[in-house]
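Please examine the sequence and the three-dimensional structure shown below.

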Amino acid sequence: MNRETANQEVLKRFQDSDIRLIGMGIAKDVIPGMHDKMILHAGPPITWERMCGPMKGAVIGALLYEGLAQNEQEALLLIESGQITFDPNHEHQTVGPMAGIISANMPVFIMKNFTFGTTAYSNINEGPGKCLRFGAYGEAVITRLHWMRDHLYPVLKQAIELSGGIDFKSILTQALQMGDDNHNRHKASTSLFMRELAKYLVMVDLPKEDIYGAAEHIEKIDMFNVNLAMAACKTMADAASGIEGSTIVTVMARNGVDFGIKVSGAGNKWFTAPANIPEGLYFPGYSETDAAADIGDSSITETYGLGGFALAAAPAIVQFIGGSYQDGVNITNEMFEITTTENKNFKIPTMNFRGTPTGIDIVKVLKTGIQPTITTGMAHKDPGVGQVGAGIVKAPFACFVDAAEYMLNKK
Amino acid sequence: MSTNALFQQRLQVVNIGLEQFQADLSSQNVEVIQLQWRIPTTEDKRVKAILDAFAKLDEEGK
């Protein structure tokens, strides 16, 4: 198959997928290869020694959550004993925002791509402020995670099962028309999800206070849907992986130290380069010296033509990350230069309903020198602190060069 | 030169990245120009060799 034909096949899989949220489960019961002593993380593979502060904090928190350690010291001893296995989410059909830490007994959403038969998983969003995904692991963080497992998860699981499956591509498509970039703004998509779920929530056969708690949890988290959007994109990424000869990127992910990409024609191989520090707006009291390098699996949204690639559709988020509306339009326009098509599902109202730039071609990245732009949250570089701001970040050029060279040598 | 001493002088700023920062500085009467920077790929021999090889393969329909 030549490159043009192979790339068209990838774009077909990106755009023709019928994706539905079909249920929830406990990680060790549903995620392939998961076990009691395994911890999944964001980005390309990394050892404990090389992990950044927020990822280390989140790992400690996960061990406290699991009851495998009673305090930070015990957690560190357990990790250093070599009994804990670390693996990227992406190697287990899974994605997680920021540190992306998922352990055996955490509840996860199950997203299914009915057109191409792939399934993907993601955890539940905890909310803003101090939380595990930003590396915080205080008592309040662990208490909330336990509440999510014992009270929130059973309600959501039952409601989703009662629905018979929720069309998630439709939610993301509509949300883009309502001002979401579907990465750092999920106000519209979370509202649309809640609208779909509401009638099933009232039918859930569980204590009223738990049902109220579930509704309140979603109501208070504008970014609730980011985990679900990521899982939807992951089903498409896996469907489009392994098309011989294709130079389109199927995964972009960061672990706070390395930025990694996968390219369809290169199958499951990672190409990595040092992760950049995002630029943007910091919360009061924090500055660039406090920020960790780029982190999280959420750049799977940009891989599919959302997030930074759809900034022109989300004027509200551009202000939040420290730019003007015109900056958003400029960034989207720039992304057209490194992508292969205009998305037939995601249309940008402010650009006369032009489709979002979709299908990053590594050859176009090399030709133009334009690096993919990602919208992102910023975590504190130290464990236990949490989020310090939000902004944008560029994917490092070097991993695209390595990938292109690998593809040539493979010919 | 200390940072404080730097900011007591007349500043001439080159902004690379979000144009909003250029606009904010301009509104405070700071002299600033916007630079649209891209990686100069054609000057990199390794990148040029990769692009030439892909161009040949594309031309041959491989």
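Predicted model: local features only at pLDDT ≥ 70, side-chain atom pairs only at ≥ 80, totals over all residues.

A polar contact is a pair of N or O atoms within 3.5 Å; within protein, one atom must be able to donate a hydrogen and the other to accept it, and residues adjacent in sequence count only if both atoms are side-chain atoms. One such case involves Ser163(A), whose side chain reaches the backbone nitrogen of Gly165(A) at 3.0 Å. Ser163(A) belongs to helix α5 of chain A, which covers residues 139-163. Helices (H or I, at least four residues) and strands (E, at least two) are DSSP runs, numbered from the N terminus. Ser163(A) counts as buried because its relative accessibility is 15%; buried means under 20% relative accessible area, exposed over 50%, and partly exposed in between (1.4 Å probe, protein chains only).

Residues are numbered from 1 along each chain as its sequence is written, chains are lettered from A and ligands numbered from 1 in the order in which they are written, and side-chain values use heavy atoms, with hydrogens and water left out.

We now turn to the interface. Where chain B meets chain A, 18 residues of chain B are in contact (heavy atoms within 4.5 Å) with 29 residues of chain A. The size of an interface is often given as the accessible area lost when the parts come together. Here the two chains, B and A, bury about 2100 Å² between them, with 61% of it on carbon and sulfur atoms. In chain B, the residues that lose the most area to chain A are Leu18(B), Arg38(B) and Phe54(B), together 29% of what that side buries. Buried area is the accessible area (1.4 Å probe) that two parts lose on being put together, summed over both.

Side chains of opposite charge can pair when their charged atoms come close. A salt bridge is a side-chain nitrogen of Lys or Arg within 4 Å of a carboxyl oxygen of Asp or Glu. Three salt bridges are found across the interface of chain B and chain A. Arg46(B) forms a salt bridge with Asp402(A), with the closest N and O atoms 2.7 Å apart. Between chain B and chain A, four residue pairs are in polar contact, both residues being at pLDDT 80 or more. Which helix gives the most to the side of chain B that touches chain A? That helix is α3(B), with eight residues.

Within helix α3 of chain B, Glu60(B) and Lys56(B) lie four residues apart, about one turn of the helix. Their side chains meet in a salt bridge at 3.2 Å, N to O. Glu60(B) is partly exposed, at 40% relative accessible area, whereas Lys56(B) is exposed, at 53%. Salt bridges that share partners also join Arg3(A), Asp361(A) and Asp58(B) into one network.

Over all chains, a search of the whole structure finds 24 salt bridges. Among them is the pair Arg185(A) and Asp180(A), whose side chains meet at 3.0 Å, N to O. Arg185(A) counts as buried at 19% relative accessibility, and Asp180(A) counts as buried at 0%. Asp36(A) forms a salt bridge with Lys28(A), the closest N and O atoms being 3.7 Å apart. Asp36(A) is partly exposed, with a relative accessible area of 43%, and Lys28(A) counts as partly exposed at 34% relative accessibility.
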